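Student: Hi! Could we go through this structure together, starting with how the helices pack?
Tutor: Happy to. Here it is.
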Amino acid sequence: MNSKAMVSGVLRSLWRRKVRSLLMMSGVLIGVASLTLLSSIGAGTKEVTLGRFKNMLGAFDTVIVQPGGAKNRGMVTVSNTDATLSFDDAAAIAREAPAIRQVVQVLNILDGDVSYQAHHETAGVFGVSVNWTQVRRDRAVEGDFFDQGDVDALARTAVLGADLKAKLFPTEDPIGKTIRIGGVPFVVKGVLAPRGVGPSGQTLDNLLYIPVTTASKRLFNRDYLTMVVAQLKDETQSKAAEAQIKALLRDRHHLAPGVLDNFTVSSPRAVIAQVSAMGSAMGKMLNMVALLAMLLGGVVILSVMFIGVAARRREIGLRRAAGASRNAILAQFLLEAAALSGLGAVIGAVLGIAGAQLVGLMQHLPFVVDVPAVAMALALSVLVGLIFGLLPAWRAAHVDPAMALRQ
């Protein structure tokens, strides 16, 4: 039998036995649909999470230094940290750490009282050095960020985040207006572009920036920093930069060998690596669930094909009596199994993609198709059909035509 006649015969056979064909497809269809759906949702969730970390961190080519050592957890502020990170420490990092391009000095609180006329809000107040926008990739969309002259003069100027601007100035242009931070007057100099939300889903725009010198001397009355953001010359050298900063600060803080650090050095890249690792582990677990569903689909193919072979013994006997070889019978049944598995996989992939798009719309996730996972599922489905269809096909090929015709 030539290939064209065999394919035609397979299609006729599958069409005549629609219910049996649907049963054989169902398991693979469910497995591929679940694999496509779960992998797409996982990819979309990972994209959102990484995007939120990027929003929060601003850039990945940095190393972050915080005071207080390992005992501190979460965001350090002037109210919950020790005075172990000085302005001189920041200058020394910029001057003496070979892997560092520049540093940003930060002094902040997260619950500052900010008001304008009848509007009163609680917002993050960040005193930063003038190079903040260079390192964190922020930009002013209204007015300007403060300059070095403002930092040197301890100027009472402020740059608002987009959300805080909307709350304090819902209908007014804020530039040049005077707000109060903890009762101290500041003139609004600019408004930053929105940054969106962080990993926890909270906004990153309900804050304002003032010169770090002003924060230190005229607002918080603190002569130490809550954070130093050090920009790397080479973003692949974060480990070397961390080691240089640790050695430098331990020497400056006169810490004897064996004494714990009174500061913490961390890398955004390490955080992203942890998030990616968690996402990969979750993705593997979900893929294993989908793979199990596909294997169960293979068992369905095996069972239904055995039943089909028993029901089609007379047909097989007639074909053998008409001259069909055992190899032709084997090939036909394998082709039927592979065709049904492949068709089930295609339908499952379409349903999985549609489901992922629906979930994305409902959960506000980006629509991402994990193409390698879908391709793997399609290939695996055909393989499952061939493997689980092999034994029934072999049994069909070895049906005794004389015995089958006597039934």
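Tutor: Keep in mind that this is a predicted model. Helix α3 (residues 87–96) packs with helix α8 (residues 238–252), the angle being about 135° and the axes 10 Å apart. That makes α3 oblique to α8.

Student: Is the crossing of α3 and α8 left-handed or right-handed?
Tutor: The α3 and α8 crossing is right-handed.

Student: Which residues in α3 and α8 meet?
Tutor: From α3 there are Asp88, Asp89, Ala92, Ile93 and Glu96, and they meet Ile245, Leu248, Leu249 and Arg252 of α8. By type, the residues in this contact of α3 with α8 are five nonpolar, four charged and no polar.

Student: Okay, strands next. How do β4 and β7 pair?
Tutor: Strand β4 (residues 140–143) is antiparallel to strand β7 (residues 184–192), with three bridges in the pairing. For Ala140, the bridge partner in β7 is Leu192.

Student: How many bridges join β5 to β7?
Tutor: Strand β5 (residues 157–160) is joined to β7 by four bridges, and these two run parallel. Leu160 has Val191 as its bridge partner in β7.

Student: And what about β6 and β7?
Tutor: Strand β6 (residues 178–181) pairs with β7 over four bridges, in the antiparallel sense. There, Ile181 has Val184 of β7 as its bridge partner.

Student: How many residues lie between the strands in that hairpin of β6 and β7?
Tutor: Two residues lie between the strands, and in this hairpin Gly182 takes a positive phi near 55°.

Student: While we're around here, where is Ile175 found?
Tutor: Ile175 is in the loop between α6 (162–168) and β6. With a relative accessible area of 31%, Ile175 is partly exposed.

Student: What does Ile175 touch, leaving out residues up to four places away in sequence?
Tutor: With those left out, Ile175 touches Glu142, Gly143, Val188, Lys189, Gly190 and Val191. Take Gly190: it is 15 residues from Ile175 in sequence, while the C-alpha to C-alpha separation in space is 6.2 Å.

Student: Switching topic: which residues of α7 are buried?
Tutor: In helix α7 (residues 212–219), the buried ones include Val212, Thr214, Ala215 and Ser216.

Student: What covers the buried residues of α7?
Tutor: The cover includes α3, β2 (100–116), β3 (119–128), β7 and β8 (207–211).

Student: What follows α7?
Tutor: Asn221 follows α7, and its phi is positive, near 55°. Asn221 is not a glycine. Its place is the loop between α7 and β9 (227–232).

Student: Is Asn221 buried or exposed?
Tutor: Asn221 counts as exposed, because its relative accessibility is 63% and the cut-off for exposed is over 50%.

Student: One more residue, then. What is the phi of Gln117?
Tutor: Gln117 has a positive phi near 55°, and this is a residue other than glycine. You can find Gln117 in the loop between β2 and β3.

Student: And is Gln117 buried or exposed?
Tutor: Gln117 is exposed, with a relative accessible area of 62%.

How values were computed:
Residues are numbered from 1 along each chain as its sequence is written. This is a predicted model: local features need pLDDT of at least 70, side-chain atom pairs count only at pLDDT 80 or more; totals for chains, interfaces and linings use all residues. Side-chain values use heavy atoms; hydrogens and water are left out. Axes are lines fitted to C-alpha atoms, for helices over the stretch in contact, and angles run from 0 to 180 degrees between N-to-C directions. Angles under 35 degrees count as roughly parallel, over 145 as roughly antiparallel, 65 to 115 as roughly perpendicular and the rest as oblique. A crossing is left-handed if the near helix is turned anticlockwise from the far one by less than a right angle, and right-handed if clockwise. Contact means heavy atoms within 4.5 Å. Ala, Val, Leu, Ile, Met, Phe, Trp, Tyr, Cys and Pro count as nonpolar, Asp, Glu, Lys and Arg as charged, and the others, Gly among them, as polar. Two strands pair if DSSP finds at least two bridges between them. Buried means under 20% relative accessible area, exposed over 50%, partly exposed in between (1.4 Å probe, protein chains only).
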